[in-house]
Structures are given as C-alpha cells and as structure tokens.
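Dear colleague,

I am handing over a structure that is new to you, and I would be glad if you could look through it with the notes below beside you.

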Amino acid sequence: MADFDGASQAFLAWLQRSGAEISPKIKLADLRHAQAGRGVVATQDIAEHEVLFRIPRSAILSVENSILSTEIPASTFEMLGPWLSLILVMLYEYLNGDASNWSPYFSVLPTEFNTLMFWSEDELAELQASAVVGKIGKEGADEMFTEQLLPVIKEFAQLFFAGDPRAQQRAEEMRDERNLELMHKMGSLIMAYAFDVEPASPRKDVDDEGFAEEEEDEALPKGMVPLADMLNADADRNNARLFYEDHFLDMKALKPIRAGEEIFNDYGPLPRSDLLRRYGYVTDNYAQYDVVEIPMDLVEGLTRKAGVHAPERLEYLEEQEIVDSGYDITASSPFTIQESLSPELVILIETLLLPQEEFERLRSKGKLPKPEKMTSDGADLLHEIVKARLAQYATTLEDDLKNVNDMASAGSVAPKEHRSSMAKAVRVGEKQILRQAEEALAEMKARIGKTSKRQRAVDDEGDVEMGGVEKKHRA
C-alpha cells in the first residue's frame with residue numbers, strides 16, 4: 001500500500017513541478033478494491049465546465065518532447081510512423097530509469113496486462129469464434145519490431161544506450177524474448193492510454209477528445225498524457241473530457257460532479273470485444289455497443305451452396321465498394337434488423353438473388369438494390385448465414401447462460417478464471433446478437449412471404465421494389 005500511495009504522490013509532485021495545474025477539488029485515488037487501479041475522484045462539488053486539471057504540452061510523453069528526437073533524424077521517425085516512433089521513445093525513456101524525465105510517470109503505469117496480446121492459446125480459445133481473435137495482431141507486431149524497430153535501435157545504439165560501453169551488445173539483446181515482450185508492453189500502454197495529440201497549430205481535423213477522423217488517425221502524432229490517462233472510462237457515467245488548447249490540455253467537467261463521485265472519461269462506442277482487446281477488461285455498460293462479424297468467406301460458402309454465387313456480380317459489387325472482408329451485426333434495443341444488420345450485406349445478398357435481366361438493368365444504370373427493401377428469399381438466405389455463424393461457436397448460447405454467474409471480481413479469482421469469465425461475457429454478447437438476428441429474420445421471412453410472394457413492382461425511377469419493411473435511420 002505504501003509503495004502504491006508513495007508512487008502516486010511522487011507522480012503528482014512531479015506533474016506539478018512540470019507545470020501542471022491540478023484542482024484542489026480532485027484527488028488520485030486507490031481504487032484497487034473495485035478492480036480499477038488508480039482513478040480520479042472528486043473531493044468537493046464540481047461545477048459543469050470547471051477545469052479539473054491542466055497538463056502542459058511539454059509534460060506529454062511524445063516523440064517531440066523526448067531528447068531522442070533531437071539525436072535521431074526526423075526522417076527515421078517519419079519512416080517508423082507515429083505508433084513505432086512512440087514505442088521507440090518510450091523504450092528509450094523507460095530504459096533510462098531515473099535519468100528519464102518521465103520516470104515518476106512510468107512508476108504509476110501498469111506493468112501487467114489483461115489485454116488479449118498477453119493471453120495464452122488456451123485462454124484465447126475461450127473466445128471461441130469471436131472475430132476479435134483475428135484482430136490481436138501479435139505476429140504482425142513481432143514482425144514490425146524485428147524488421148523496423150530493431151534495426152533503428154542497432155543503427156543508433158550509441159545514442160539509445162548513451163554512455164554504456166556495451167551499447168552495441170545491448171542493442172543486439174533487444175531481440176531477446178524478454179525485450180520483445182517489453183516492446184509489446186509499451187505498445188499495449190499506447191493502445192490503452194495514448195491520445196492522438198493535435199499540434200498547437202492544427203493540421204488535421206480532430207474531435208473534442210483529440211481523436212482524429214479514421215482516415216487521418218495515423219497521420220497525427222501520438223502521446224501519453226499524464227493524469228488524463230488515470231481516469232477510468234464508463235459509457236453511462238462519462239462526466240469529463242479532454243480539451244486541446246495552445247499550451248495546455250484541459251480536462252473539464254461535462255456536468256456537475258458531486259463530492260465523492262469518480263470522474264470518468266469515455267472510450268466511445270466500443271464493443272466489449274474491443275474493450276477487452278485494447279484495455280483488458282469488460283463491463284456491461286458497453287454491451288450496448290457489442291458487434292458480431294459475419295466473415296465474407298462464410299457468405300461465399302453459403303451462396304455457393306445455394307447456387308447463387310456469381311463472380312460477375314461480385315466483381316460489380318466490388319466496384320460499388322460493397323464487398324468487404326466481413327459484415328457487422330450490431331446490438332440495438334429493441335433489436336431490429338433495420339438498425340442492426342449491415343446494409344452492405346443485404347445489398348450483396350439481394351444482388352446475388354436478382355434475376356439476370358433485373359441485374360443487367362440495374363448494372364446498366366450503375367445502381368444497386370435498396371438495402372431498406374428485403375425479399376423473402378433474401379431474408380431466408382440471410383437467416384441461413386446467421387445460423388451458420390452461430391454454429392461456429394463451440395458452445396451454444398443456452399450452454400453459456402446455464403453456467404453463467406455474476407462476473408467474479410479480478411481480486412477474488414485466479415487470473416486465468418477471470419480471463420475465462422471475461423471471454424464468456426464477450427461470446428455470450430455476440431451469440432445473443434446472432435440469436436436475435438436469427439429470430440428477426442425468420443419472422444421477417446414469414447411476413448414478407450405472406451404479403452409479397454416475391455412479386456416485384458417497379459418504382460417511379462424504374463428500380464425494382466423488393467417488398468418488406470422500410471429501413472429505420474441508424475442512431
């Protein structure tokens with residue numbers, strides 16, 4: 001306890017010496033009893049828009065602020081890109097120990113992780129057919145470390161290990177499994193805590209939280225923002241947000257906060273599978289964002305089995321940017337196909353089911369079937385796809401729910417059991433979405449079949465009407 005509290009106090013003292021301004025109405029609290037590590041709690045009532053703390057840009061752990069950026073050519077960092085560049089800098093600062101300006105900061109960052117990167121094969125097997133297993137990227141990260149990062153460390157060994165007569169040998173030793181794991185830990189810290197830091201003179205469009213538009217995300221420098229990353233996240237109780245100013249990053253209250261309440265940031269609409277992959281935990285608060293992916297190879301296999309697989313049509317759909325590696329079914333409440341099922345998947349299936357004459361007419365006009373319209377045959381094939389996807393999981397939803405208990409806290413069970421419990425929560429959420437989609441498509445198929453019998457009318461533009469239910473606007 002003393003070491004934990006002592007590290008917290010040393011960190012706060014360092015932060016204030018670095019120019020941070022911290023409101024006397026908040027404190028950095030020990031929340032390990034709630035399996036939340038450190039967190040920020042209000043000690044007095046806080047008004048909406050009140051500044052909770054201000055972090056100077058110079059205190060951000062970033063490439064720009066590290067002395068390494070003055071020693072290694074800018075072209076090297078450009079070659080590495082924002083992600084590997086920050087890993088390089090964090091390795092340099094971490095290995096410098098007490099000599100690093102950010103040593104007190106490293107002392108309060110986690111050293112053990114529950115993120116999927118560090119799960120064993122049998123632990124990952126508990127996720128069963130969840131698509132998140134294919135998104136961990138450990139092999140790809142290993143390849144980047146060995147092929148891109150290690151050559152830079154070796155090239156600049158005398159700078160990276162300045163003053164060490166064994167510098168070149170230490171650079172060679174970075175290839176060891178222990179040091180590769182250290183690189184993974186730095187990468188995991190970045191994934192869990194780093195912000196896309198908008199420069200004081202903006203060059204890219206970012207939102208109020210400093211996150212870039214998806215296509216520009218990799219163009220922005222990444223940085224670790226001390227104290228801002230101590231806030232725990234909650235999808236329902238989010239009450240603070242980080243704002244970017246010229247010389248400071250301000251954490252402000254989004255609503256009144258009462259004394260004793262925890263201050264929460266928000267990760268955005270992340271499904272629990274990504275919450276587990278990136279941050280190493282799950283919570284029911286994010287179940288509203290759960291997603292299950294239908295892989296394209298499953299779709300192709302079932303359309304071949306149904307005799308409607310048509311390379312010519314898939315080529316046209318590719319040109320229209322409909323073909324993808326997978327299609328999402330998202331959670332919605334109440335669950336509706338119109339809200340949850342990927343419209344691109346509906347378009348793909350209905351295009352493959354079109355009579356040749358109708359397909360030729362739509363293609364000649366550069367058009368596609370409307371996703372808000374669905375035929376009985378389309379609902380039938382989509383129903384088979386959803387059932388096949390559900391069958392890919394090793395256990396049934398009923399099996400999982402029969403044995404499910406309230407998720408045990410991390411402190412009361414062994415780590416392996418805790419990971420098994422989190423994996424079950426993820427796969428149950430995905431199976432529930434699939435079961436809801438299966439039932440909704442069966443009902444839709446029956447309803448459309450009774451009303452349309454696949455009789456198609458032509459609308460005012462000469463496009464085929466497919467019968468069915470109008471698509472609701474997505475939230």
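The notes that follow take up the sheets, then the helix packing, and then a few local features.

Please keep in mind that this is a predicted model, in which local features need pLDDT of at least 70 and side-chain atom pairs count only at pLDDT 80 or more, while totals for chains, interfaces and linings use all residues. Residues are numbered from 1 along each chain as its sequence is written, and side-chain values use heavy atoms, with hydrogens and water left out. Helices (H or I, at least four residues) and strands (E, at least two) are DSSP runs, numbered from the N terminus.

The pairing of S8 with strand S11 (residues 262-265) is parallel and runs over 2 bridges; Phe-264 in S11 is the bridge partner of Asn-232.

Helix packing around H14

The crossing of H11 and H14 is right-handed (a crossing is left-handed if the near helix is turned anticlockwise from the far one by less than a right angle, and right-handed if clockwise). Met-296, Val-299 and Thr-303 of H11 make the contact with Leu-345, Leu-348, Ile-349 and Leu-352 of H14, contact meaning heavy atoms within 4.5 Å. By class, this contact of H11 with H14 has 6 nonpolar, 1 polar and no charged residues, where Ala, Val, Leu, Ile, Met, Phe, Trp, Tyr, Cys and Pro count as nonpolar, Asp, Glu, Lys and Arg as charged, and the others, Gly among them, as polar.

H14 also packs with helix H16 (residues 376-391), their axes coming within 9 Å and crossing at roughly 120°, which makes H14 oblique to H16. This crossing of H14 and H16 is right-handed, and the residues of the contact divide into 7 nonpolar, 1 polar and 2 charged.

Helix H12 (residues 311-319) packs with H14 at an angle of about 145°, the axes being 10 Å apart. In this contact Arg-313, Leu-314 and Leu-317 in H12 meet residues of H14 including Ile-347 and Thr-351.

Local features

The structure holds 11 aromatic pairs (rings of Phe, Tyr and Trp, the last by its six-membered ring, pair if their centres lie within 6.5 Å; planes under 30 degrees apart count as stacked, over 60 as edge-to-face and the rest as tilted). The ring centres of Phe-11 and Tyr-105 are 6.0 Å apart and their planes are at 25°, so the pair is stacked. This pair links distant parts of the chain, with Phe-11 in helix H1 (residues 2-17) and Tyr-105 in helix H4 (residues 103-106), 94 residues apart.

Finally, a cis peptide bond, with omega about -5°, joins Ser-333 and Pro-334, and Pro-334 has its place in the loop between strand S13 (326-330) and helix H13 (337-340). His-49, a residue other than glycine, has a positive phi near 75° and is found in the loop between strand S3 (38-42) and S4.

With kind regards

Definitions and conventions
Axes fitted to C-alpha atoms, helices over the stretch in contact; angles between N-to-C directions. Parallel < 35°, antiparallel > 145°, perpendicular 65-115°, else oblique. Pairing = 2+ DSSP bridges.
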